[in-house]
Amino acid sequence: MMKKKSIPASKPLLILFLCQIISALDVPLDSKLLEELSQPPTITHQSPKDYIVDPRENIVIQCEAKGKPPPSFSWTRNGTHFDIDKDAQVTMKPNSGTLVINIMNGGKAEAYEGVYQCTARNERGAAISNNIVIRPSRSPLWTKEKLEPHQVREGDSLVLHCRPPVGLPPPIIFWMDNAFQRLPQSERVSQGLNGDLYFSNVQPEDTREDYICYARFNHTQTIQQKQPISVKVFSMDSLNDTIAANLSDTDIYGAKPVTERQPVLLTPTGSTSTKVELRGNVLLLECIAAGLPTPVIRWIKEGGELPANRTFFENFKKTLKIIDVSEADSGNYKCIARNTLGSVHHVISVTVKAAPYWITAPRNLVLSPGEDGTLICRANGSPKPSISWLANGVPIAIAPEDPSRKVDGDTIIFSHVQERSSAVYQCNASNEYGYLLANAFVNVLAEPPRILTPANKLYQVIADSPALLDCAYFGSPKPEIEWFKGVKGSILRGNEYVFHDNGTLEIPVAQKDSTGTYTCVARNELGKIQNEVHLEIKDPTMIIKQPEYKVVQRYGQVSFECIIKHDSTLLPTVIWLKDNGELPDDERFLVGKDNLTIMNVTDKDDGTYTCIVNTTLDSVSASAVLTVVARPNPPFDLELTGQLERSIELSWIPGDENNSPITHFVIEYEDGLHEPGVWHYQTEVPGTQTTVQLKLSPYVNYSFRVVAVNKIGRSQPSEPSEQYLTKSASPDENPANVQGIGSEPDNLVITWESLKGFQSNGPGLQYKVSWRQKDVDDEWTSVIVANVSKYIVSGTPTFVPYEIKVQALNDLGYAPEPSEVIGHSGEDLPMVAPGNVQVHVINSTLAKVHWDPVPLKTVRGHLQGYKVYYWKVQSLSRRSRRHVEKKILTFRGNKTFGMLPGLEPYSSYKLNVRVVNGKGEGPASPDKVFKTPEGVPSSPSYLKITNPTLDSLTLEWGSPTHPNGVLTSYILKFQPINNTHELGPLVEIRIPANESSLILKNLNYSTRYKFYFNAQTSVGSGSQITEEAVTIMDEAMASRQVDIATQGWFIGLMCAVALLILILLIVCFIRRNKGGKYPVKEKEDAHADPEIQPMKEDDGTFGEYRLFSFVSSAPF
């Protein structure tokens, strides 16, 4: 996701001056202008209305003001002039109205308690401060009092009164013990708003002698301590023992046991009360109740809801706190105290009053002579405040008259003012809860226009964004502003410009052609002034390759790109953020010119990465999310429930999936009884499932663990569950893969796969092995063997079928009846050979053999097939014998024929056939002889061409390695090849088979020939062999074939040509320097460098050379 923001750098500078001078709060704060313009006083800083001071430190009453000329200051105290010159303890700071009353050198703060007011005055008027009430803070000591110990019965309520001394300001109350540890508070024991400690009901543990109330006075930084209060709580048991010890046996005694009581309010008392609070303050309402069990407090507002976001509950809900109250918060608030025995309630009627607050405070006026204006002072409050006006600190009714002003309630109207109308007016809004005082001056000025924006100021703006050109001005009357483009341009008008009242020219969509110089002209009746500013339009900064969403595995590497394009005159800076904060201080984060690379990514790197590009004029950004994925964290909190003999329920809590959803869970088990430490697969469930019903086997000590799987891989296994041992039972199943195969001709070997540990279902695992001969009316023979997997039956007939079964049993019984399998006793070698062996030769390399099957009884085992042994006796074309290599082909099953491939042509072969069983091969059949017919021969063993002459070549060859029959002849074919490798006419010659060489005559001299040579039998031609050879050339002709480049006459000719060219170049150069032209050809005048002209082919030099070259390469 990409976010872009354009931040014009000049915009904050445009708010220098005010839209209309007539409604300005102040004269523009230009230092040069302020030195020249008169301005009535304005109070800039003063002490708070209610000013509580530390009596041990000097009293500083602040009063700061500004104006032109600088104002002078005076003070009143308790309504009369305060002559500071007559009090040595009081000084006024230089160039300020702030008073410093020296208390630390003998003065007493109480002597200066009172109401102070500051007046700042110059020739334009007088401004006054608020009435500042000075009161020294007080932290009196606790009055001495005798505190009686509190003896309370268990369950009763108790109030420990604090009654702190009255201080200024009021102290902060808290309860502690002798060790200065705060006493614990709860719903049962808590401190009230008045500082008292309330017990809804006391318990024996409340007994102690050091309940101490402390009062902290922040202004004087002192803490006062009340004397410790002792509380002793009597329990019912101890009280009964005390009564029993003091009464006779005949007296009736016994304290009542602790009884529960319904709630009773300790504070406030009664059923109703009232509360007045001022607007904007914090409303605190309190209800504390006694009762056993301890009551719970609930608050409601009758006929409405408690204000959202401003309501808080404190002190265990005994205090309702509403901040920033307004008149809308008036109403009845009910607190309800409830326990199991009943409830009690109290209604507090809240009225919100308001000290005066501003609706419209008066604002300073700067007017020109003859102009009109108004001062408006509007305030509200409860009750509604009264408005009164003062002029220069004097009630307006007794102030000097000004014919230009008229007072109309909360408004003063000025008409056709003059310079003498300048003054400071005060508006006072007051009711019984307070007052507001505001100063606002009327300053009548006659000033020619001034432009305060620096001359020739340069503005740089991004294209297609607003351009704001300042023309901050001042003048009285208010000047008119006009803008021009260029020094002599026409006045700017039209919809493409916006003219602001503060003089600013706005070009809403600045384009490249907006670049230039702009002139601002300000004029009023007293004068005219102008100023030039300059505007440059820059190309916007863009991110042309944004970072993209990435998913990366933990410990991998990821890179975000941020390729930018910007104006060549702006210098961009690129900043990378992670989740809108700085990148981690980690060497794994590598910031490149156009990218951010994170090495060895961890889970903490997950988040949003933002590339921010800043220039002095604009800023763009683009963000992308990085999701770090990994194998899941292992599941945890495995729990086994619903344990039964053959099933149990397993549940778990999945670990963090690490941003890749879990696809499934794998459940594994360990058998601590039979295979401790070995974990086996049990089952798996979908990733949305966290419970599974597992089937169990008897006599297994199970532990389970769970592995979570997502697309990234498998988690580490969870911690193992608790162990669960199932009860023993007889086996449920019998051994698998039961077989009976004899290892010798007179035995039967019975084997099976033993049951695994958990399949035994109990201790004492054994096997009952039973067998009997098939198709014979015999009884079963059985034997019980230990936990093994083989039993051998001896003395059996050879290769006889047996019925076999193996049954599991343990100490608790037998497994179900097993199924029967058929086995055989041991095999022996076959007794007879196959008969009637026949061979049918199909071609020179393939023959088919047939035989009759042997009787099955003579096989004496499992018939596996037949083997054909065959070998070459000799080649019919060569009488020499060689080493005999027998070949074997096996034909599986009861097959009675087969193909013999890969035979050699024109050869004599022998073969025999044997039957095969599991024990081995039987006797061989008598050897059968057969012959293969002729075939085509192989290629001649070699072809050599020797003794080349001008017109003859000698050919020599070797006979084929494999003639495959009787050779009848050789075939020779040849043809010439010219210099372009084109083939000439083909000539064929037949050569008798007994020849081994041949001389070819009448050939062309110096000619290349290609030869093709192969042998033939009566069947056909064999593969050919090829060769190439060249006849030699005549010696006389060869002597004339001399390289022309080595001949003396040719070298001399070339030298003469070169000399001629050099002379021609010199002549041309001389004529050109004399201003003439050389007439090589008419086009030469158009070329810049005439020296290159002789290199053209027009002079015939290279054409002649090529001709000689051609002649020299041809034979004479």
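**Ground rules**

I number residues from 1 along each chain as its sequence is written. Because the model is predicted, local features need pLDDT of at least 70, side-chain atom pairs count only at pLDDT 80 or more, totals for chains, interfaces and linings use all residues, and side-chain values use heavy atoms, with hydrogens and water left out.

**Entry 1: Q1016**

I looked up Q1016 and found it in strand β85, residues 1008-1017. Strands here are DSSP runs of E, at least two residues long, numbered from the N terminus. Is Q1016 buried or exposed? Q1016 has a relative accessible area of 15%, so I noted it as buried. (Buried means under 20% relative accessible area, exposed over 50%, and partly exposed in between, with a 1.4 Å probe and protein chains only.)

**Entry 2: salt bridges**

How many salt bridges does the structure hold? I noted 35. (Each is a side-chain nitrogen of Lys or Arg within 4 Å of a carboxyl oxygen of Asp or Glu.) A reminder to myself: side chains of opposite charge can pair when their charged atoms come close.

I looked at D54 and R56, whose closest N and O atoms are 3.1 Å apart in a salt bridge. D54 is buried at 10% relative accessibility, while R56 is partly exposed at 49%.

**Entry 3: links between distant parts**

R188 and D206 form a salt bridge at 2.6 Å, N to O. The two lie 18 residues apart and link distant parts of the chain: R188 sits in the loop between β15 and β16, D206 in the loop between β17 and β18. R188 is buried at 15%, and D206 is buried at 6%.

My last pair was E921 and K867, a salt bridge with its closest N and O atoms 2.9 Å apart. This pair also links distant parts of the chain, 54 residues apart, with E921 in the loop between β78 and β79 and K867 in strand β75. E921 is partly exposed at 24%, and K867 is partly exposed at 21%. I also jotted down a network: salt bridges that share partners join D177, R208 and D210.

Key. Helices (H or I, at least four residues) and strands (E, at least two) are DSSP runs, numbered from the N terminus.
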